[in-house]
Amino acid sequence: VLFAEGFDEPPVVVMGPVSYNGTQPVTILIRSVTELGFEFQIREWDYLDGYHTLESVAYLAIEPGVWSMGGSVWEAGRSVPASSGTTASVSLQGSFSAAPVVVGQVEQDSTPYAVVPRVSSAGTSGFNFTLQQEEGASVVSQDNLATSLNWVAVSPATGTEAGINWESTVMPGITQNWTQIDFQDGGAFPVVLAALQSVNESDPATLRFRNLSSESIDVMVEEEKSLDSEVQHAGEDVGYLMLRKASPPVGN
C-alpha cells in the first residue's frame with residue numbers, strides 16, 4: 001500500500017475486519033511500515049493451506065501521539081507484544097472521558113505464525129491485549145509472533161474533522177451469528193474499522209464483515225478450527241470506527 005501523502009515518520013497502521021468472500025478463517029498481518037507505505041497479508045490460520053480468495057479490508061494510518069479531532073481524543077501508538085496467551089497492559093496518555101474504542105494490529109517482520117490481538121478491559125487510562133495463536137498450536141515466544149502491536153484508541157462519539165464525518169461506539173453481544181450494526185447517520189459510502197473489545201470466551205477469534213452500505217454493516221465473530229470444528233462463541237463487545245466524507249453544506 002502506498003500512501004497518497006507521505007508521513008514525517010512511520011505511522012501507526014491498523015486494519016480490519018476482513019470481508020467474507022471466502023469462508024476459511026483468516027487473520028491480517030502487516031510489515032515494512034515506512035513513511036511512504038506498508039505491506040499487508042490476509043492470512044489464513046496456520047492449519048489451512050494459505051490460499052484465499054479476494055477480500056476487502058479497510059486500513060487507517062495515523063501518526064503516533066495524542067490528537068484532538070472533532071472535539072474528541074484520538075491516540076495512536078505501538079506497544080511491545082506479550083507472549084502468546086499472556087495479557088499485557090497499555091497505558092493511555094490522552095485525557096479520555098470514557099473508555100475508548102481500540103483497534104489493534106499485529107506488525108511482523110518475518111515470523112511464520114498467524115496471530116491476532118485481542119483487546120480487553122479498555123478504560124480511560126489504558127487497555128489490555130492478548131496475542132492469540134490458533135488453538136491447536138504450540139505456544140511460541142513473543143519474538144516469533146510479532147514485532148509490535150499497532151493500536152488506535154478513539155473516544156466513543158461522533159464528530160467532523162477536515163471534511164470527514166466519523167462515529168465510534170461499542171456494540172455488546174456479538175456472536176458467531178451475523179448481526180447488523182446501523183450507523184447513526186447516512187451519507188457517503190463509509191470506511192469501517194472494527195475489532196473485538198472483550199475476551200468473554202478465550203477461543204482464538206477474529207471479526208468478519210459483509211453487506212457494508214452507507215447505512216449499516218453486518219459483523220460476526222469467527223473462530224478457527226485447528227483443534228475442533230466447534231465455532232459457537234460467547235457474546236463479545238465489538239468496537240467500530242466509521243469514517244466517511246462529510247456532505248457539502250446545503251446550497252454548495
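How many bridges join strand 13 to strand 18, and do they run parallel or antiparallel? There are 9 of them, and strand 13 (residues 164-174) and strand 18 run antiparallel. Keep in mind that this is a predicted model: local features need pLDDT of at least 70, side-chain atom pairs count only at pLDDT 80 or more, and totals for chains, interfaces and linings use all residues. Residues are numbered from 1 along each chain as its sequence is written, and side-chain values use heavy atoms, leaving out hydrogens and water.

**The sheet**
- An open sheet is built from 4 strands in the order 12-13-18-15, with antiparallel pairing (strands are DSSP runs of E, at least two residues, numbered from the N terminus; two strands pair if DSSP finds at least two bridges between them).
- Strand 12 (158-161) and strand 15 sit at the edges, each pairing on one side only.
- From one strand to the next, the twist averages 20° (axes are lines fitted to C-alpha atoms, and angles run from 0 to 180 degrees between N-to-C directions).

**Who faces whom**
- Strand 12 and strand 13 share 4 bridges, and Thr 158 stands opposite Glu 167 in strand 13.
- Ser 168 stands opposite Leu 241 in strand 18.
- Strand 15 (residues 191-196) joins strand 18 through 6 bridges, with Ala 195 opposite Gly 239.

**Strand 18**
- Strand 18 is largely enclosed by the rest of the structure, because 8 of its 10 residues are buried (under 20% relative accessible area, 1.4 Å probe, protein chains only).
- Arg 244 is found in strand 18, which spans residues 236-245.

Conventions: Buried < 20%, exposed > 50% of the residue type's maximum accessible area, 1.4 Å probe, protein only.
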